[in-house]
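Good morning, everyone, and thank you for making the time. I would like to walk you through one structure, beginning with a strand and its neighbours and then turning to the ligand.

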Amino acid sequence: MDHYEIIIAGGGAAGLSLAYQLINSPLKERSILIIDKGAKSQNDRTWAFWTDEPTPFEAIVYRSWDQLQLADDTSAQLIDLDRYRYQMIRGIDFYRFVHAALAACPNVTLLQATIDRIEDGDDVASVIVGERAYSADWVFDSVFRPAEVVEDEHHQYLQLHFKGWEIETAEDAFSPEAATLMDFRTPQEHETRFFYVLPFSARRALVEFTVFSSDRFSHEEYAEALKEYLAETLGIADYRIVDEEQGVIPATDHPFARQVGRRVMTIGTKGGRVKPTTGYAFIRIQQDSAAIIRSLLDHGHPFAVPEDSQRYRLLDAVMLEMMDHYGEELKPIFTRMFARNPIERIFRFLDEEGTPLENAQLIATLPPRLFVQAAIQWQFDHNMPLRPFAALLQKDEAEPPAARPPDRQADADDNDEWWQIAARMF
Ligand SMILES: Cc1cc2nc3c(=O)[nH]c(=O)nc-3n(C[C@H](O)[C@H](O)[C@H](O)COP(=O)(O)OP(=O)(O)OC[C@H]3O[C@@H](n4cnc5c(N)ncnc54)[C@H](O)[C@@H]3O)c2cc1C
């Protein structure tokens with residue numbers, strides 16, 4: 001059996017981000033095998049994110065915007081991002097950039113193959129590919145199979161699904177200075193629906209129709225909505241579709257285990273790195289990769305990464321409930337949030353980095369009725385009497401018995417009394 005110190009199962013955003021950070025860390029000499037079923041030679045997605053500091057992928061940022069727009073039927077906002085930038089990286093540039101960096105490392109092997117399963121063990125874990133097995137001290141698994149998520153009555157399982165067209169127009173049609181984060185000028189149909197526009201120039205943009213709901217749409221439904229938005233709302237008649245992007249991101253508060261064996265850790269979507277209520281994951285993946293490397297260096301195992309905050313998970317659960325039952329009412333919530341708060345407070349809240357005071361200030365600008373209504377509905381729908389308070393009282397979940405990390409970093413909530421947390425929330 002071929003043995004490596006590290007195997008990364010799946011060489012997409014999370015797998016390649018971890019590999020790239022590893023070869024740029026004191027662990028750069030470790031033997032690493034990355035297995036992906038694809039060649040990653042297509043531009044299969046784009047990643048956009050806000051940031052106030054350079055990421056490891058600054059060299060391949062495709063476009064960067066200093067302003068964001070939001071619109072609904074009655075208002076339009078142009079938001080200056082101050083010290084933040086909204087940036088976009090194309091999948092193909094990311095794959096090529098990381099593959100080139102890895103190719104310069106003799107200790108790193110890329111294998112194109114389909115992984116059948118991963119087997120945990122006391123001293124090593126094995127990755128099974130057909131008849132062959134590859135072993136490693138640590139296996140990082142990003143092979144997410146939605147069918148493996150066993151739904152339960154306590155959590156919500158929505159999908160953030162979208163289809164986008166990159167178009168070229170005959171006339172100038174876009175302001176390349178500002179990306180449109182959310183344009184709600186489309187019938188909501190009891191769901192949260194919006195358009196997202198990344199303008200690359202005055203005549204070229206990625207325009208996406210995005211929906212939070214339980215079920216995806218047919219190709220025709222996405223296409224109809226895009227055509228109507230371009231013609232009726234943006235007034236663009238003459239355009240050519242040069243590329244397409246379609247995707248589904250899980251929007252769920254389902255808990256994704258990180259340590260799934262003595263030697264196996266999940267990363268990326270499979271490791272719950274997608275923020276359930278926004279679908280953003282790219283920056284969270286970078287932070288997670290850095291935390292894994294710190295853990296390996298400090299503790300000799302990868303598991304001592306920060307736990308997710310129960311307070312933010314609870315807020316996500318209530319937001320998902322709103323999207324599920326009062327989807328069309330999210331429109332005023334988002335527009336009010338952006339209209340009444342400084343951008344830094346909003347980004348820190350969405351990045352789960354806000355102080356209790358900042359979060360309280362932000363929540364105070366939102367209509368309370370819907371939150372209370374959704375919180376009550378959530379209790380009934382998910383059969384969890386008084387669960388919000390139970391969740392707030394609860395300490396972080398117990399570690400799996402094997403390879404328990406010695407000193408997992410505690411969430412800030414751990415140090416607070418339940419009434420302090422509850423007071424911050426409501
Ligand atoms: C179309 C799209 C657009 C997105 N846009 C954004 C965005 O703008 N900003 C943002 O922050 N987030 C975005 N996301 C969310 C998130 O950042 C991405 O889904 C991200 O790619 C998740 O990283 P990952 O490594 O978990 O999954 P992936 O990047 O999908 O990587 C998983 C890898 O596993 C491989 N694989 C699967 N099965 C097997 C198998 N059996 N054997 C071997 N290999 C296998 C796949 O080929 C793939 O390369 C987007 C998601 C999608 C789907």
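Before I point at any strands, let me say how the word pairing is used here: two strands count as paired if DSSP finds at least two bridges between them. Please also keep in mind that what you see is a predicted model.

With that in hand, let us look at β2, which runs parallel to β8, residues 108-112, and is joined to that strand by five bridges; within this pairing, Leu33 stands opposite Thr109 of β8. β2 also runs parallel to β1, residues 2-9, with four bridges between the two, and here Ile6 has Ile32 in β2 as its bridge partner. Taken together with α1, the strands β1 and β2 form a β-α-β unit that is right-handed.

Are the residues of β2 buried or exposed? Five of its five residues are buried, with Ile32, Ile34 and Asp36 pointing one way while Leu33 and Ile35 point the other. In a regular strand, side chains alternate between the two faces of the sheet.

Now to the ligand, which is surrounded by 30 residues, the closest being Gly10, Gly12, Ala14, Gly247 and Gly268. By class, this shell holds 14 nonpolar, twelve polar and four charged residues. At least two residues each come from α1, β2, β3 and β16, and the largest share, four residues, is supplied by β3.

Definitions and conventions
Residues numbered from 1 in each chain as written. Predicted model: local features only at pLDDT ≥ 70, side-chain atom pairs only at ≥ 80, totals over all residues. Near = placed C-beta within 6 Å. Nonpolar A, V, L, I, M, F, W, Y, C, P; charged D, E, K, R; others polar. Buried ≥ 20, exposed ≤ 12 C-beta atoms within 10 Å, placed from the backbone. Right-handed = clockwise from strand over helix to strand, strands pointing away.
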